[in-house]
Every structure is written in structure tokens, then in C-alpha cells.
Amino acid sequence: YATPPAVAELMLDLAGDAKVILDFACGSGNILRTAANHSLEGGAPLTCYGQDVSKTQARITLLRLLFISSRAGIALDGGSGPHVATGDSLLADAFPELTADIAVASPPFGIHDWGRDRLAYDTRWAFGGLPPRTEPELAWIQHALARVVPGGRAVLLMPPAAAKRPAGRKIRGELVRRGALQAVIALPPGSLPTTGISLHLWVLRK
């Protein structure tokens, strides 16, 4: 699904200002495009990093960002241009050394075969350990926190079940105890056209 423009705007407002942004499930690039347009309007440089499991979607994202960069006259070499990769961010992270200012993403929901067995000893599980198989959304949360600078923010669009499933209680408790989880905001039903449920925005700080 594509993140609606109004939701993307809200997520970026909650994340705050940044020089480097990461969307690790970028789809066709609505969030990164919105962030790049804000940068264009404000005149502040922004480096965009994106990754998506779909090669086609990743290419669309890159083309959109290159178009915005060309309008702004931003050089596309020297590390200042957009960086968009193809692959599963949990299993094949294209930017393992990246520390972005903010991570803003709408990761996929309810995928139980997310590679848990291959990630048992991954260093990203800093909040309560390896997520249960039924809690892929909490894996995305910890991935986001692992890829931002200390003090950096992450804003993720999440299904409401991620806030209450018993299997995720330990990780949620650790996120709250350590001050990483700042807010859970319920959006009005229908904010995402493909579903009628009231999705949540999780606002986090490393």
C-alpha cells in the first residue's frame, strides 16, 4: 500500500527536522518524496535513504527523488544524492552502518515469516530481545531505533494489534521503561484507504 500524503505529512511533522532520513520500507516513495519536497521548499539539504523488497518500487522511489533533486539543482555525487536499494531490510539491510537523524516508515503488517530463525543473534534486538514470530512489527520498531543517531526519532505506521498482543508485552514494556516509546497515536478509521481499521502511529526516540 502507499502511505497517503496527509499521513506522510503527519509522520514527518512528528519526526522533526533532519539532514538524513531513512525509510526502510519505502514502497513507491511517498514519505521520502514528501520529505524531499519539504527540503526543497525550505532550502535545507536532505539526504534520503530508502529500501524496498520490490525492485520496481525501489526504482520508482529513486526516480521520484532524482526528479526532485534535479529541480533543486542538488548534486547527485559525493554522497549528497538519494540512496535507494532493493531488498528485505530485516534480512538484507542495505545500510547497516547508517545512523540517520530520523526513520519514518510504513512497514508491512502481519507477516509471520519474516526471517526470525535467521536473525536470532542480530544486534538490533536491544529492547527485550528477539521478537516472537507473531510480532514482526516489533522487529521493525527495533530496526528503526538501531538505524538512528542517539536522540534521533522514529515514526512508524503500525496495526493496532501491535500495541496489545500478549506476545509482545516484554518488548513493549522495555520500550516504555527505557523511554524509547514516546507516544502511540490512533488515526481515524479509513486514514489508509485499503483498510477500515484505526491504525496507530508509534513515535519513538533513541
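**Pockets, a helix pair and a salt bridge**

α1 (5-15) and α2 each give at least two residues to the lining of the second largest pocket. Keep in mind that this is a predicted model.

Me: What makes α2 stand out in the lining of the second largest pocket?
Reply: Its share does: α2 supplies 4 residues, the largest share of that lining.

Me: Which residues lie nearest the centre of the second largest pocket, and how many line it?
Reply: Gly16, Asp17, Ala18, Ala35 and His38 lie nearest the centre, and the lining has 15 residues. The volume of this pocket is about 310 Å³. Sorted by class, its lining holds 8 nonpolar, 4 polar and 3 charged residues.

Me: Why do Ala8 and Leu12 of α1 count among the residues that meet α2?
Reply: Contact here means heavy atoms within 4.5 Å. Ala8, Glu9, Met11 and Leu12 in α1 are listed as meeting Asn30, Ile31, Thr34, Ala35 and His38 in α2, so by that cut-off these residues make up the contact. By class, the contact has 5 nonpolar, 3 polar and 1 charged residues.

Me: Why is the pair Arg147 and Asp93 called a salt bridge?
Reply: The rule asks for a side-chain nitrogen of Lys or Arg within 4 Å of a carboxyl oxygen of Asp or Glu. In this pair the closest N and O atoms are 2.6 Å apart, so Arg147 and Asp93 meet the rule. The two residues come from distant parts of the chain, 54 residues apart: Arg147 sits in the loop between α4 and β5 (148-158), and Asp93 in the loop between β3 (83-86) and β4 (100-105).

Me: How many salt bridges does that rule give?
Reply: The count comes to 7.

Me: What makes up the lining of the largest pocket?
Reply: There are 26 lining residues, with Ala25, Asp52, Val53, Pro107 and Pro108 nearest the centre. α2 (30-42) and α4 (136-146) are the elements that give two or more residues to this lining. The pocket has a volume of about 420 Å³.

Me: How many residues of each class are in the lining of the largest pocket?
Reply: The lining has 14 nonpolar, 9 polar and 3 charged residues.

Technical notes
Residues are numbered from 1 along each chain as its sequence is written. This is a predicted model: local features need pLDDT of at least 70, side-chain atom pairs count only at pLDDT 80 or more; totals for chains, interfaces and linings use all residues. Side-chain values use heavy atoms; hydrogens and water are left out. On a 1 Å grid over the protein atoms alone, a cavity is a set of points where a 1.4 Å probe fits but cannot get out, and a pocket is an open set with protein on both sides within 12 Å along at least five of seven lines; lining residues have an atom within 4 Å of a point. Grid points are joined across faces, edges and corners, and a volume is the space filled by probe spheres set on the points. Ala, Val, Leu, Ile, Met, Phe, Trp, Tyr, Cys and Pro count as nonpolar, Asp, Glu, Lys and Arg as charged, and the others, Gly among them, as polar.
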